[in-house]
Amino acid sequence: MSENNQNILTDIERGDESCVLRFADNKSFELGYIKVRLACPCAKCRPRQENKQLILDFKESLMRMQMTKPVVGVIGRYAIRFEWPSGCSSGLYSFKLLRQICDAGGQAVPEKQ
Ligand SMILES: [Zn+2]
């Protein structure tokens, strides 16, 4: 199996507070939206991720907001865009970035039978 499979998103299921992401290497992860939002790669959010203190502040301000279910748009074959009702909508999440977020903070979900 190619190592690149881990960076191919095959499916996303949105729940109310988290989503389940499935990748082509048959790994699935449940990820709270706050973790996705914390890693938002848009120009507005990136400066808030530069060091641990900034990330903590960012997280606190996110926790004060209602994390509502985002709208997800697929961008070509390599990325998706989350549109957050509570804020930015210009963050493009490459599949590779999503996998990194999953590996760092996602909860592994048993494989579908
Ligand atoms: Zn953002």
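What span should the 13 residues of helix 2 (residues 52-64) have, and how far apart are its end C-alpha atoms? At 1.5 Å a residue the helix should span 18 Å, and its end C-alpha atoms are 19 Å apart, which agrees. The expected span is 1.5 Å times one less than the number of residues. Helices (H or I, at least four residues) and strands (E, at least two) are DSSP runs, numbered from the N terminus.

The model is predicted: local features need pLDDT of at least 70, side-chain atom pairs count only at pLDDT 80 or more, and totals for chains, interfaces and linings use all residues. Residue numbers start from 1 along each chain as its sequence is written.

**Helices and burial**

A residue is buried if 20 or more other C-beta atoms lie within 10 Å of its own, exposed if 12 or fewer, and partly exposed in between, with C-beta atoms placed from the backbone. Of the 13 residues of helix 2, the number buried is 1, so this helix lies largely in the open.

In helix 3 (residues 95-105), the residues Phe95, Leu98, Arg99 and Cys102 are buried. They cover an arc of only 100° around the axis, which puts them on the same side of helix 3; the arc is that of the directions from the helix axis to the C-beta atoms. The buried residues of helix 3 pack against strand 1 (9-14), strand 2 (18-23), strand 3 (28-32), strand 5 (79-83) and strand 6 (92-94). Contact here requires C-beta atoms, placed from the backbone, within 7 Å.

**The nonpolar core**

A nonpolar core is a set of buried Ala, Val, Leu, Ile, Met, Phe, Trp, Tyr and Cys residues joined through C-beta atoms within 7 Å. The largest one has 15 residues, and those with the most contacts inside it are Leu21, Leu31, Val36, Leu98 and Cys102. Strand 2, strand 3, helix 1 (33-38) and helix 3 each supply at least two residues of this core. Helix 3 gives the most to it, with 3 residues.

Strand 5 and strand 6 pair over 3 bridges, and Arg81 has Leu92 in strand 6 as its bridge partner.

**Two loop residues**

Asn26 lies in the loop between strand 2 and strand 3. With 12 C-beta neighbours inside 10 Å, Asn26 counts as exposed, and its phi is near 70°, a positive value in a residue other than glycine. Cys45 lies in the loop between helix 1 and helix 2 and is partly exposed, with 19 other C-beta atoms within 10 Å.

| Pair | Separation in sequence | C-alpha to C-alpha |
|---|---|---|
| Asn26 and Ala104 | 78 residues | 17 Å |
| Cys45 and Asn7 | 38 residues | 23 Å |

Not counting residues up to four places away in sequence, Cys45 touches Cys40, Cys88 and Gly91.

How values were computed. Contact = placed C-beta atoms within 7 Å. Pairing = 2+ DSSP bridges.
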